[in-house]
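Open the model in your viewer and keep the selection tool at hand. The tour goes stop by stop, with something to select at each one.

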Amino acid sequence: MSANKWLATGNFFTTYKQEQRTFLTNLDQSFFTFFLVILFGWPLLFELSNKSMLVIDNILIAIVAVMGLNLVTGFAGLISIGHAAFVGIGAYTVASFCRTIGDSHIIITHFWPLLIIFSGFMGAAFGAVVGLPALRLKHLYLAIATLSFQMIFQWVINFMSFFNQGQTIFVGRVFWFTGKVGRKDHYVFWYFVILTVVVILGFGIRNLLKTRYGRSLIAVRDNDRAADAMGMNPGLTKVYAFALSGFFAGVAGALHAYLYRGVGFESFTLHESIGYLAMAIVGGLGTLNGCFWGPVAIKFLDLKVESLAELAGQYLPSSMNLATALKPFTFGLVIVLFLMYEPRGIANWWRIAKSYTKMWPFRY
Amino acid sequence: MKNKKVLFLNALLVIAVMFAFTATANAGGKVYKLGMSLAITGPTSDAGNPYAKGTEDYFKFVNETKMLGDDTIDCTIRDDQYKTDITKRNFEEYLDEGIVMYLNYSTGSTLGLKRDFEEEKIAVLPASYHAGNLDDSNYIFLPVASYSEQLVALSEYVVKNHKGEGKAKVAFFIHPSAFGRGPVDDAKKAVAAGLNMEIVEVVEHGKDLDNSAMLKRLMSKDVQYVLSHTVQSPVATMLKDSSRLGLTAGSYGEAGKLTFLGVHYTGGNDLIALAGDACKGYVWTCSFNLTSEKNDGTTKQLALAKKYGRDDKAANSHNYAAGIMVAQVATEAIKRAKAAGLEINKENLYTTLNGMNGKNGYSPYTTIGPVTYSKTDRAGVDMLQIYSVQDGAFKKVGQPIQSEYMTKIK
């Protein structure tokens, strides 16, 4: 360990325990704590519009979902193109309760934290089942298996009357210690809840990766035969990677259900799955901070492209049809450009920026 | 010293003039904020695009012709790409801006935001005519008769004009969603209530590029009438396949052949453009005046489109008329509230809309009948016009009709 606990310009680990520290320097820890205080504190100082809060909440939910996808695809190297269906499992777990016991039942409105966790476990259960083909399948074949799950999910939701054939199933307003969370406070309240979930799950991944269970994910990704030879169980590792991913997705789905106060089929389609995959790629597969960068970048890109299409529509009314193509075109272009020029995603820019500041004012 | 005094007086004069002009500018009318969210891009944008243009043009016209005096309407129109999540975001933005009335589009988002409308107590005019919009809701006002009412009225038309012995055998060709499925139950209820027809099959179409097998199956089941409730493109595919196979009836109800009919979103000029000659004889219900039938209303519609430089396709679209119509209803509500000396806010516009009935019914130039609303009836135009494709255009068939069985099954 470096003698200076505030500024470490290199690796001076003498024990594994030192390497497993969550924060390498006190400066890192201070910056993180300061950043966290700002994240939790700013809504108390500044009032944003409901629309802006909804956008921010939506990004935070996407972060939770992408964390799950990154576990299975980024860290364990198993392609999943049915992630939106896992998110949907979480949302429809809440919706199923609403259909069965009523959307204003005390379990929905008062015990919502438990229901969110339960939705996560439902996602994990489905994830483990869908992960079973991973015992035999790899690469593209496994991707097709996850695609099948996406299709089955869509079909079931779209045709079963229990799920209102995909139309919105309402979720009641929740209660907090201060009483019912009304319309005025709804988005700020869920901002704090989702942010707390993001922080807890973020630390969860960080700690998981320091354990043998986390390391085995990476080992299986890099070479499952070698991992097997080292005494790991690649089959079990793959299944639990799917289960973990499902848990994160399930939690994201339940949060989505509560934030939007309803569950509708169209938020969990194949298009959304591709969107999550794009966020993971753009953010940086196999990195924790990529889970934050990706959703932020893609969601803001979406908003900007929407504004651009709208602006074009004002000056060139006939461009409305062009505007239809603008969003998927930009979306596709960004993914292709990242895959070509920065396959390690925005997380790599962050790494470069960090290593630069770490050495500053020295060049090397 | 004297120069300084003159300079000072001049400066005072300039400031005074500036204040005077500012005061004049502020003395102008009030601005009423409205919001509209619809699919300008993405799925169903072929309907949403002209719809948005209709609304935009009419509000421009209202402001330019000073229909509300010095007051103006500022209606922000945003694209939601047919997604409920984006619609919700748009709606929240409009609420932040202080809208007094909201114009929505899709069935999914109207159902999805129903609770928000109730909580906000804001009157909403959607482009979705789904009957389910009115369940457990007080603030959604359908511009015209619901899809259910249209499908039941069309079924009644089939029964009344059935050629041949026994019951009319029909098949429903519907969109695979709640939008498509919704009216089928009501049609079944009408049959149970005594409507003399047999529903042989309900077909939920996919994204099929060929309907030959489906059409031959219907023929093997002696189906005589196919009633569609979906959007134009699947209907066009079906009509072209039927025409190619020689299954389309040469005249209405021809025995051993298929006669095709459909409700609101299945017809219009887009269907003719997509299906060409294959849609000859297609029977369609709509509550709007069509430009293929010249009258005072359609002349005004075309003039409006011309004034704002719209192309022929948009100008002649019934979706353009539908967009104008919701803007007309919103403007009329504001006008009436103003005339009654009421403040223009959500509550008063809601009350004004509910009072739009009886002698106070409103007849916009875009529809075939008056718009009437009350606390118990929130479907605007109750009349339906039957149109049929003749010589490449939709032409009126008889006088406007109204469903008899809808009142029985409600």
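Select strand β10 (residues 283–286) of chain B: both of its faces are covered. Val283(B) and Thr285(B) lie on one side, Trp284(B) and Cys286(B) on the other, and all are buried. Buried means that 20 or more other C-beta atoms lie within 10 Å of the residue's own; 12 or fewer means exposed, anything in between partly exposed, with C-beta atoms placed from the backbone. In a regular strand the side chains alternate between the two faces of the sheet. Strands (E, at least two residues) and helices (H or I, at least four) are DSSP runs, numbered from the N terminus.

This is a predicted model, in which local features need pLDDT of at least 70 and side-chain atom pairs count only at pLDDT 80 or more, while totals for chains, interfaces and linings use all residues. Residues are numbered from 1 along each chain as its sequence is written, and chains are lettered from A and ligands numbered from 1 in the order in which they are written.

Which residue of β10(B) is the bridge partner of Gly262(B)? Pick Trp284(B).

Seven strands of chain B form an open sheet, in the order β7-β6-β8-β9-β10-β12-β13, with mixed pairing. At the edges stand β7 (197–204) and β13 (393–401) of chain B; each has a single partner strand, so one side of each has no neighbour in the sheet. From one strand to the next, the twist averages 25 degrees. Angles run from 0 to 180 degrees between N-to-C directions, and axes are lines fitted to C-alpha atoms, for helices over the stretch in contact.

Strand β12 (residues 384–390) of chain B pairs with β13(B) in the antiparallel sense over six bridges. Gln390(B) has Ala393(B) as its bridge partner there. Then show helix α7 (residues 178–192) of chain B, which packs on the sheet and touches β6 (168–174), β7 and β8 (225–229) of chain B. Touching residues have C-beta atoms, placed from the backbone, within 7 Å. The direction of α7(B) makes about 165 degrees with that of β7(B).

Select helix α6 (residues 147–160) of chain B. Of its 14 residues, 12 are buried. Among them are Tyr147(B), Leu151(B) and Val158(B).

Two loop residues come next. Lys66(B) sits between α2 (45–64) and β2 (72–79) of chain B. Its phi is positive, about 50 degrees, although Lys66(B) is not a glycine. Tyr82(B), in the loop between β2 and α3 (84–97) of chain B, also has a positive phi, near 65 degrees. Most residues other than glycine have a negative phi. Buried or exposed: how does Tyr82(B) count? With 21 C-beta neighbours inside 10 Å, Tyr82(B) is buried. Lys66(B) has 11 such neighbours and counts as exposed.

Finally, bring in chain A, with its 15 helices and four strands. Of its 364 residues, 43% count as buried. Colour the contact between the chains: 24 residues of chain A meet 23 residues of chain B. On chain A, the elements giving two or more residues to that side are α3 (50–75), α13 (290–315) and α14 (320–341).

How values were computed. Contact = placed C-beta atoms within 7 Å. Pairing = 2+ DSSP bridges.
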